[in-house]
Amino acid sequence: MVDKKVVKALARVVGRQNVLTEPADLLLYSYDSSTARGMPGAVVLPASTEEVSGVVKVCARHRIPFVARGAGTNLSGGSAPIRGGVVIALARMNRVLEIDVENQRAVVEPGVVNLDLQNVLAPDGLQFCPDPASQKVSTLGGNVAENAGGPHCLKYGVTANHVLGLTVVLPSGEVRRFGSKVEGTPGYDLVGLFVGSEGTFGIATEMVLRLRPLPESAQIVVAFFDSLEAAGEAVSRIIAARMVPAALEIMDRATIEAVEASFPSGLPTDVEAVLLIELDGLKEALDRQAERCAAICRELKARSVEIGRTSEEQERLWNARRSAFGATARISPEMLVNDATVPRTRLPEVLRQIQEVERKSGLRIAKIFHAGDGNLHSNIMFDRDDPEGLHRAESAAAEIFRIAAGVGGTITGEHGVGAEKPGFMRLIYSPEDIEAQRKVREVFDPQGLANPGKVLPERETAGAKEEGAAE
Amino acid sequence: MSGLSTALWRLESIVGEEDLLTETQAVSEHRLEGQQPVAVARPGSAQEAAALLQAASEEKLSVLVRGAGKHLHLGSPPGPIGVVVSMGRLGRIVEYDADDLTVTAEAGMSLGGLQEVVGKQGQMLALDPPGPESATLGGIAATSLSGPMRMRCGTPRDLVLGLRVALTDGTVVKTGGKTVKNVAGYELNKLFVGSLGTLGAICELTLRLAPLPEGRAMVMAALSPSEAEEVAARLAGSRLELTSFEVANQVACERMLGALPVTVTPDCYVIFLGLMGDGEAIARQEREARELVSGGCARVDGEEADGIWRRLREAAYPSAREAVVVRASVPVARVGETVKMVSSWEGWWVVAWAGEGVVYAGPPEGDDLSEIGGKLLQLRSKAEEGGGFAILESGPVELKREFPVWGAETANADLMRSLKESFDPAGIMGCGRFVPGL
């Protein structure tokens with residue numbers, strides 16, 4: 001609970017009706033899509049940059065931690081107030097401020113939902129490239145804070161490649177502008193540094209985004225395999241053949257079964273893997289590339305390969321892919337998600353090792369991955385009624401992080417470190433590497449109030465050491 | 001004096017006698033804009049580089065990190081230079097598995113050297129900054145320069161996946177990683193890329209590669225000013241997948257681009273459309289480009305296209321020591337008016353990466369410095385109107401002293417200075433070449 005005086009001060013900034021303090025309301029903001037939990041003392045709903053600044057100033061004055069929140073789809077605990085304090089919910093700041101078609105830029109507020117922006121842009125033949133699977137709900141502010149990915153990163157890059165300017169409320173409450181519509185402002189790249197800082201450098205209240213023309217056409221190739229490894233090999237060969245598809249996605253059998261059980265899409269449930277290849281660009285180039293991809297899959301004994309579906313069919317397949325997370329969650333109410341990422345060539349051996357983890361832990365792990373990027377989503381299903389359930393799932397996740405780190409990969413490709421993974425940062429970074437990151441955080445947030453407990457491990461705590469460094 | 005000799009002794013004990021140059025003749029080759037370094041050190045490893053920076057920091061010797069020295073003309077005139085840390089010995093490929101489409105190389109490796117290695121596997125680093133290919137990877141990252149291809153492929157900030165950086169506290173830190181997607185921790189890559197050696201020394205880079213295109217072609221047309229503007233507008237609304245889109249004025253064509261397959265007439269602009277891809281895709285785009293331009297076009301491909309591509313890059317690079325080159329960045333929709341403004345100045349050349357809003361320009365030889373400075377300020381205020389900026393990339397020291405190289409003021413300078421102080425508390429890195437205070 002925050003002090004009555006603080007509630008009053010917050011109410012003076014945003015109005016009493018935009019400060020929530022009832023336990024039932026607070027509960028709604030105590031979690032996100034991860035396993036992290038924490039009860040906030042108050043929730044505020046500001047409507048402008050000035051209000052966000054005012055709220056943050058109140059927090060800074062009273063030394064109260066604050067956590068910015070969009071749609072709460074975060075998969076690493078980034079938006080859960082694990083240290084209490086004030087949740088700053090940005091849902092009311094959902095205006096698209098400008099679509100500058102000529103310069104291919106959009107200026108938006110953080111509460112705009114990713115897909116809503118895409119729908120506004122499509123009539124002008126434009127898109128914002130990052131397309132996280134959560135795009136129907138997740139907000140652009142969250143996408144920027146997390147440096148979100150999505151299936152099309154393979155060709156178009158991650159969020160950081162598409163953000164050029166930011167209005168930021170620093171943890172002191174001060175309002176700053178970083179960058180502009182024009183890339184490369186002299187000085188350090190504060191925009192690049194801010195994107196992906198998971199709410200620990202401040203709160204972005206306006207964002208200038210790079211837009212790209214929608215591709216002229218797209219084509220999907222789907223191949224069904226009797227082994228996961230063969231699907232992985234197909235990905236390697238496609239890349240080696242000098243093609244860069246817009247997306248290369250693999251779903252394993254457990255995922256296919258989950259999708260078919262919840263959102264039937266006509267996928268066969270007796271195959272070990274389905275590989276979804278999306279090619280986009282000029283019509284002329286696509287037919288031949290699709291043929292080449294199909295030939296590669298056939299060489300690898302794909303059970304069947306289909307190309308050239310209609311756009312309705314393409315949409316259906318993509319929906320199957322995008323619904324995979326929700327579908328898996330329906331089968332197993334409790335699920336621990338991770339997104340370890342490895343150099344693409346190490347995928348086959350990593351898959352073997354994860355299957356081994358599955359066997360040893362006795363837990364079912366649904367694997368779905370942006371294979372072109374080596375970005376693996378291992379959805380570990382467990383039973384919360386089993387007192388050991390979460391613990392066993394966490395041990396399996398830890399094992400997967402170690403496997404990824406061992407082959408030169410990383411512990412998170414797009415979900416963020418959040419509250420769940422700071423302890424594992426030591427698997428991939430030395431104490432000096434982490435200190436360098438801490439220095440930057442302290443420049444932005446010397447008081448340590450912006451989303452505390454996230455991203456970096458605590459200095460010298462025994463707990464974190466146990467988690468990360470025990471090998 | 002004894003302080004200095006202790007310092008030099010320390011540096012020598014790190015790299016060895018052979019790789020610490022203090023002889024007048026040797027160090028005078030590293031003279032930069034009137035400043036002669038006390039010593040030149042050539043580290044043989046990232047650890048040695050870090051030890052050098054730590055010693056320099058403790059001995060209060062200022063440090064200028066350099067690669068092949070191809071972009072030392074950038075930036076404000078340096079203050080006193082203590083030691084030049086020259087990365088030339090760090091020139092190896094550290095790790096390259098072509099199927100990963102990434103490569104890890106040491107900072108002293110040249111761009112050309114890397115292109116040769118990855119080219120054998122049908123890949124390329126999609127960066128074509130102005131200047132020679134002997135420029136090093138570390139230098140390209142530190143300057144964050146990019147060329148015509150950035151329209152399709154991005155800039156160093158988009159292609160650097162990971163770094164190893166030597167810091168002034170003697171540590172070598174890793175930033176980022178080896179995968180395209182990586183959100184573990186803060187994006188420190190972005191802090192070091194473009195920081196012009198003011199925070200540490202980049203020793204190793206992991207870079208994202210791209211497949212070499214099956215073919216390359218360039219479509220060109222010489223247009224009147226009004227035609228050029230119409231074509232640019234039509235291009236912006238088209239779905240052509242251009243790799244690059246440049247515009248050059250008559251002076252630039254005649255002075256720098258050599259023989260072109262189009263007829264350059266007074267006051268015309270030549271546009272260059274770069275196309276990459278397979279034969280059919282190029283053929284179709286060429287067809288559409290011709291329709292868009294609706295006039296006489298010329299098309300070249302293969303080596304001839306590469307040749308013109310190279311000349312465009314070179315045009316933006318100072319043709320001689322102290323030659324004046326200004327780079328303005330403006331919103332794409334303002335390229336036309338910016339290019340026109342510069343072309344209205346007697347004898348000025350201009351080459352723009354029009355698809356990206358980058359405008360390079362320079363005065364005729366022998367122009368008066370205060371005249372040039374006045375034009376720089378005009379160009380700068382034009383750029384700033386649209387949220388852009390203009391940098392004096394190269395020029396005589398007197399010009400750089402008189403007219404601020406990076407702009408009148410830097411937004412968020414206080415935050416940047418705090419970042420600088422965190423990594424370089426003694427303030428030894430960069431010798432004052434970057435924006436004031438960094």
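Visitor: How many bridges join strand E13 of chain A to strand E14 of chain A?
Guide: In this predicted model, strand E13 covers residues 247-252 of chain A and strand E14 covers residues 273-281 of chain A, and the two run antiparallel. One pair to look for is A:Asp252, whose bridge partner in E14(A) is A:Ala273. The number of bridges that join E13(A) to E14(A) is six.

Visitor: Which helix of chain A packs on the sheet and touches strands E12, E13 and E14?
Guide: Strand E12 spans residues 217-225, and the helix in question touches this strand as well as E13 and E14 of chain A. The direction of the helix makes about 20 degrees with that of E14(A). The helix covers residues 228-240 of chain A, and its name is H8.

Visitor: Which are the edge strands of the open sheet of seven strands in chain A?
Guide: The order of the seven strands is E15-E12-E14-E13-E17-E18-E16 in chain A, and the pairing is antiparallel. An edge strand here pairs on one side only, and this holds for the strands at residues 304-307 and 334-338 of chain A. From one strand to the next, the twist averages 15 degrees. The edge strands are therefore E15 and E16 of chain A.

Visitor: In the open sheet of five strands in chain A, by how many degrees are neighbouring strands turned against each other on average?
Guide: This sheet has the order E5-E6-E10-E8-E9 in chain A, again with antiparallel pairing. Its edge strands are E5 (96-100) and E9 (175-179) of chain A, each of which pairs on one side only.

Visitor: Which residue is the bridge partner of A:Ile99 in E6(A)?
Guide: Strand E6 of chain A covers residues 105-108, and it pairs with E5(A) in the antiparallel sense over four bridges. Helix H4, residues 114-121 of chain A, packs on the sheet and touches both E5 and E6 of chain A, its direction making about 40 degrees with that of E5(A). Within E6(A), the bridge partner of A:Ile99 is A:Ala106.

Visitor: Why is strand E6 of chain B described as largely enclosed by the rest of the structure?
Guide: On one side of E6(B) stand B:Thr102, B:Thr104 and B:Glu106, on the other B:Val103 and B:Ala105, and both faces are covered. A residue counts as buried if 20 or more other C-beta atoms lie within 10 Å of its own. The strand, residues 102-106, is largely enclosed because the number of its five residues that are buried is five.

Visitor: Which residue of E10(B) stands opposite B:Ala105?
Guide: E6(B) pairs with strand E5 (residues 93-97) of chain B in the antiparallel sense over four bridges, and there B:Ile93 stands opposite B:Ala105. Five bridges join E6(B) to strand E10, residues 201-208 of chain B, and these strands also run antiparallel. In E10(B), the residue opposite B:Ala105 is B:Leu205.

Visitor: Which residue takes a positive phi in the hairpin of E5(B) and E6(B)?
Guide: The hairpin has four residues between the strands. The phi in question is near 55 degrees, and the residue that takes it is B:Leu101.

Visitor: Which element gives the most to the side of chain B that touches chain A?
Guide: In the contact between the chains, 62 residues of chain B meet 69 residues of chain A. Among the elements of chain B that give two or more residues to this side are helix H11 (279-293), strand E19 (389-394) and helix H16 (413-423). The one that gives the most, with six residues, is H16(B).

Notes: Residues are numbered from 1 along each chain as its sequence is written. Chains are lettered from A and ligands numbered from 1 in the order in which they are written. This is a predicted model: local features need pLDDT of at least 70, side-chain atom pairs count only at pLDDT 80 or more; totals for chains, interfaces and linings use all residues. A residue is buried if 20 or more other C-beta atoms lie within 10 Å of its own, exposed if 12 or fewer, and partly exposed in between; C-beta atoms are placed from the backbone. Axes are lines fitted to C-alpha atoms, for helices over the stretch in contact, and angles run from 0 to 180 degrees between N-to-C directions. Two residues are in contact if their C-beta atoms, placed from the backbone, lie within 7 Å.
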